[in-house]
Amino acid sequence: MKSTSTSKKAVREGASLSSSSPKVIAAIDIGATSVRMEIAETSGYGNRRVLDRLVHPIALGADTFRFGAVRSETIRSLCQVLQNFQHAMGEYEVSHYRAVGTSALREATNVEVIVDRIRHETSLDVQSLDPVEEGRLTYLLLKPHFEMLPRVRPVGKPFLTVFDIGGGSTEIMVLKGRNLILTGSSRLGTSRLTYQLMTEAISATQQHMDSMVTNFVGAMDELLHDYPAGECLIINTLLVNPKLWDGVSPNELGSLRVNRADIAALGVQARRMAPDAIAERFDMPIVDAELLAPTITSLEHIAAYVDTPEVQLVSLDFPSGLMLEMETEMQGSTLTDLFYQQTLSSVSGIMEKYRVETAHAEHVRRMSMRLFDLFSELLDLTTEDRLFLEVASMLHDIGRFICDRDHHKHSAYIIRWLEVAGLSEEALDLVALVARYHRKARPRSTHADLGRLSSQNRMRVIKLASLLRIADALDRTHKQMVSDVRIEIHDDSVELLAVTAGDIDIIVAVLKQKGAVFEEVTGLKLLLRKVAP
Amino acid sequence: MSGFLPEHFVNRELSWLEFNARVLAEAESESVPLLERLKFLAIVSSNLDEFFMVRVALLHRLIASNSAFRGPDRLEPGVVLARVTARVREIVRSQYEALEGMLVSLGQKGMHLVLREAFDVQDRDFLREWFQRELEPVLTPLAVDKAHPFPLLANGGTYLYLQTRPTSEVERSSYAKTDAVLVQVPSRFPFFVQLPEQPGKSLRFAMLSDIVACFSGNLVAGYELDGAYAFRITRDADLTVDDEQSKNLLAAIEQELLTRRRGAPVRMEVGPRMPDAIVRMLQEELSLSDDETFRIPSFLDMTHLFQLESILPAEYGRNEPWAPCKHPELTECDSMMAAIRRKDYLLHLPYYRFDPVTRLVEEAADDPDVLAIKITLYRVSGDSSIVGALIRAAENGKQVTVLVELRARFDEQANIQWAKKLDQAGAHVIYGVVGYKTHSKALLIVRREPDGICRYCHLSTGNYNDKTARLYTDLGVFTANPDFGADISAFFNVITGYSLPPSWKRIAAAPFGLRDRLIALIDREVERHTPETPGLIRAKMNALVDTAIIEALYRASQAGVRVEILVRGMCRLRPGIPGVSENVRIVSIVDRFLEHPRICHFHNGGNDEVYLASADWMERNLDDRLELFFPLLDEKVRAEAMHTLDAGFADTVKAWEMLSDGTYRRVVSEAGAPVVRSQEALYQSACRHCARMASHGKENATLLLTPRQSPDGK
């Protein structure tokens, strides 16, 4: 979130404003076919009044997905649009803003140049949005839509699948109830399709498009075959246009419910028409019209794959998600906090998929959380660290899916390649290392994976691993004998009080080896004492 | 297909001429004061000039290009042109007859127009001296002979064809070729020049064309004057700036102003005495035929009567002044914005002063909490205090956005100057929108207040022009309703090219579906029409031309919905056709103020809705212009606007009813029924409002009582 330079004007002489006055904030979303901005007045989280919404078509995705980079003239147009937006921000003396670009910007090979040109020409700071944060925002914006879906799913199909059909990729989420249990990504992107077909100059474009989409959707099966969907939700702004669908009216959130026959009919029509005819017929910008055929074809294939009679089409107002985030930050918390539960629920889905021994994992998680809360001050740890430790403790044994021997190493690379809602690649890397050090060798900088981290992150891994090792030791027998743990801190030692009716000898023995990391980090000797429940 | 036939539609050019005939009828009317009648005569001429430059020129283009374009009446352009010409000849004949009568009346009051033949010695001495001192230096004779190309003649300028005869000296020289010279009657001088007083004749005037004719004998050395004959050319002046190609619209317009002079001639008016041979010669040179040639019985270009009207004293007969009322609440309030924040206000021009609009902009310019001001300026008058306030606001650091429409026909020069001034002051000036003329009239003020941003709007049917605000009837609403704030803010984002159009909360806009919205409202009236609550559509506008809307109105009439429309000018709808438009009534009002508001009222099953708009129901407005259409949400404001319609339909003095053949007849009050002149009634109602406010304080100040017309509450 940035403060605008124009905000200085707000304290101009004569302006009579109390500090409790609402703040005017703005959010800009640079997408594949358009740039959007929302300007709103906020008095706290969710308490917002929209002042202006601006949409300007610009085909960034056409460049990124066709040439790899965004061409100079497109950057120039983008800067012009952003200059106009900045002017509009000035009209309300916007105090804070956030400007982000999604896949079309992120995947452009010249993303740094684009961001720099924008900063130079408009002084706006644009951030290329991390896919994970994009996912978090998407979930946040989807929540109200879940309430509008039919409550009852067909027997045997308990899941809700969400496909976010974008220009460069299709993001997939599987939910059970309202909990996110799985996320994934497919290279099915509508701009990508359109422009790949253009460059390949294929005469039988339509057949080719069909086969490409078939392949992409087929590949999704790997991710989805264990999660039969009784309901399907499609995120795509282009499709949520009542002009495309005869006799379908939007619900109160503006989303549309269409059936397979409607989709097929529109598919036939869209593939038969030239983009300019589509633009004319449906009254849409040409950059959108070009994408209609691949988008509707993708939808047809997805709907056929999921095999639901109807799908819900949703358009997400991304700027408004950014605003929720800004409001959260203004209150001093972060979106990670808001999303904590979704991350954990997505991890539970993964545990199921990799047949992780739930009782042990659950116990280790409980113990490590207890230890975290007891030692977070001593070790100077944050909420984000708590999430990392929690995920690592749930997944520390996931490597047993491959083989028991060296399973900590298998755990590390599986975790690294997972998609966990709310965790970036960088975060997963840290979680993977924490899990990797739950047993065997102590963390060393000479280990390549640890060595390449910043010293700060290296310390985080070591501290979190030190706690995970203790938690794991407490359930060495996999029988969940210790019901709770307390501590007593002395001058030069920490005494763990294990609440158990059982024998702790084996734990004491294991801790001798596994507790060493903790002792090294804190400089305190680790002792264990049994306490009767 | 619509199922309506070509004969269900009136030709628009012919309909327009009928409007001009109604203006002429005001000039002919004995009940109108003499000087006002002079002014109406001048208006008829200035209207005709524009009609020839634009509409007749278009007909010529259609004919020349063999275009297949036809209006819904399906008439061939050649047929239309022939009918137009015939009707124009009738109108011009009546116009000059009226002038003759008026000159007699003026003479009775002491004003005499002295023709060239009647100059006495004293006059000639006076005029010769004046001619030599003032006129001669600026006259440029243009030779007409075989050796020179025919001179380029200015659009609308009056020329004298001076037939010359060489003196014997020149005859001997080899250059003796010149048959005639042309000299333009200078347009920068007053046309009517006052002559020295004579006993019993206090005011005597000579005409500039006569003075030039009389003293031009020595303009060309070596020649003698044989005769002087006036003529005047009107040219094709339609502005067709190629928007897509023009990189800089501003430059394109300035260029266009020059090329306007070079348009093809579409009309030639010749004075009474010009010999036929000279007429033929001119026709040949200018590629004109008898159809485009108009023999005028007196002086050319009656727009000069504006000058005469302005210099003659009021005793000659002028309208009694109706001083615009001060809007009580909007004059006495401490702050315009505070007042508007409390409730909506309607300002009815010119019955009330325009001041509150100016005051709002001025307050905004100086208010430290105002962040931004946006406005569309279409036709700004020369000394606009609004422009002054906008410049000040920009200098005060506010974000000022001004859309200056450079394509307001025939006003470009004035607008270009203001645009430049605003630009220099740091305002964000937009010179129109490529491909669309900005015709909407909107003002938006963004103000930071303790409870957040508040947006104030003024939305009007008339331009931000303090001059026309005294002559045109218009309605404007002031509101702080947040829905309007959001819509108008979005509208400015659209016209400044910042954003695609959104889905509007309250308003509709052209070219973004305004026609569809109007037709949907008309269709809804049909759906809600029941014997218990019969449908009613009432509207007021300048012109009703759009085919799709007329067809919707026909369908409404066929369904039994009452359709009553006050259309000042062109109307392509034919009322009273059995089975098509029996339930339609079209009334036109031509009076001292130019009727200008666009209002429409839908009975809506008893839940009346009233809208104002900047747009007429014409293709031009709905397809090629940026226009606004907005509901009146406040009950009192809505009642006031409905009262305007009531007054118009009740008029028995200045109203004309359209007949199904496209002609009009004056509405006369039935015996015993009250005589109503709507503009007077509205003015008096404004005066009463002020008086009531003064005597009763502020309670119920805008409560407008509507008498029930029948026992059942209708």
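A salt bridge is taken here as a side-chain nitrogen of Lys or Arg within 4 Å of a carboxyl oxygen of Asp or Glu. By that criterion B:Arg562 is bridged to B:Glu564, with the closest N and O atoms 3.4 Å apart. The model is predicted. In the whole structure, a search over all chains finds 83 salt bridges, and 3 salt bridges are counted between chain B and chain A.

**Interface between chain A and chain B**

- In the contact between the chains, 27 residues of chain B meet 30 residues of chain A.
- About 2,300 Å² is buried between chain B and chain A, and carbon and sulfur atoms give 46% of that area.
- B:Gln399, B:Arg448 and B:Tyr498 together supply 29% of the area that chain B buries against chain A, more than any other three residues.
- Between chain B and chain A, 14 residue pairs are in polar contact, with both residues at pLDDT 80 or more.
- On the side of chain B that touches chain A, two or more residues each come from strand 11 (370-377), strand 12 (399-404), strand 15 (441-449), strand 16 (452-460) and helix 15 (482-495) of chain B.
- Helix 15 of chain B gives the most to that side, with 5 residues.
- By residue class, the side of chain B that touches chain A divides into 12 nonpolar, 9 polar and 6 charged residues.
- A salt bridge joins the side chains of A:Asp52 and B:Arg455, at 3.9 Å from N to O.

- Salt bridges with shared partners link B:Arg341, B:Asp367, B:Asp369, B:Arg447, B:Glu449 and B:Asp451 into one network.
- A:Arg119 and A:Asp116 form a salt bridge whose closest N and O atoms are 3.6 Å apart.
- These two residues of chain A are separated by about one helical turn, because A:Arg119 and A:Asp116 are 3 residues apart in helix 4 (residues 111-122) of chain A.
- A:Arg119 is partly exposed, with a relative accessible area of 39%, and A:Asp116 is partly exposed at 43%.
- B:Glu30 and B:Arg37 are also paired in a salt bridge, with 4.0 Å between the closest N and O atoms.
- B:Glu30 is exposed at 71% relative accessibility, while B:Arg37 is buried at 9%.

**Nonpolar cores**

- The largest nonpolar core has 79 residues, of which B:Leu41, B:Leu48, B:Val84, B:Ile211, B:Leu305 and B:Leu312 touch the most other members.
- Helix 2 (residues 34-64) of chain B provides the largest share of this core, 13 residues.
- Beyond its neighbours within four places in sequence, B:Leu48 contacts B:Trp16, B:Leu17, B:Asn20, B:Val88, B:Val92 and B:Arg267.
- A second, separate core of 77 residues includes A:Val115, B:Leu403, B:Ala442 and B:Val477.

- B:Ser45 lies in helix 2 of chain B and counts as buried, at 9% relative accessibility.
- Apart from residues up to four places away in sequence, B:Ser45 touches B:Gln95, B:Met302 and B:Thr303.
- A:Leu344 is placed in helix 12 (residues 335-353) of chain A and is buried, at 5% relative accessibility.
- Not counting residues up to four places away in sequence, A:Leu344 touches A:Arg365, A:Leu387, A:Glu390, A:Val391 and A:Met394.
- A:Leu344 and A:Leu180 are 164 residues apart in sequence, with their C-alpha atoms 8.6 Å apart in space.

**Backbone features**

- The peptide bond from B:Leu349 to B:Pro350 is cis, with omega near -5°; B:Pro350 lies in the loop between strand 10 (345-349) and helix 12 (355-366) of chain B.
- The peptide bond from B:Ala510 to B:Pro511 is cis, with omega near 0°; B:Pro511 lies in the loop between strand 18 (508-510) and helix 16 (514-527) of chain B.
- A:Asp283, a residue other than glycine, has a positive phi near 55°; A:Asp283 is found in the loop between helix 9 (275-282) and helix 10 (286-306) of chain A and is exposed, at 54% relative accessible area.
- B:Ser287, a residue other than glycine, has a positive phi near 55°; B:Ser287 lies in the loop between helix 8 (276-286) and strand 9 (293-295) of chain B and is exposed, at 62% relative accessibility.

Methods:
Residues are numbered from 1 along each chain as its sequence is written. Chains are lettered from A and ligands numbered from 1 in the order in which they are written. This is a predicted model: local features need pLDDT of at least 70, side-chain atom pairs count only at pLDDT 80 or more; totals for chains, interfaces and linings use all residues. Side-chain values use heavy atoms; hydrogens and water are left out. Contact means heavy atoms within 4.5 Å. Buried area is the accessible area (1.4 Å probe) that two parts lose on being put together, summed over both. A polar contact is a pair of N or O atoms within 3.5 Å; within protein, one must be able to donate a hydrogen and the other to accept it, and residues adjacent in sequence count only if both atoms are side-chain atoms. Helices (H or I, at least four residues) and strands (E, at least two) are DSSP runs, numbered from the N terminus. Ala, Val, Leu, Ile, Met, Phe, Trp, Tyr, Cys and Pro count as nonpolar, Asp, Glu, Lys and Arg as charged, and the others, Gly among them, as polar. Buried means under 20% relative accessible area, exposed over 50%, partly exposed in between (1.4 Å probe, protein chains only). A nonpolar core is a set of buried Ala, Val, Leu, Ile, Met, Phe, Trp, Tyr and Cys residues joined through side-chain atoms within 4.5 Å.
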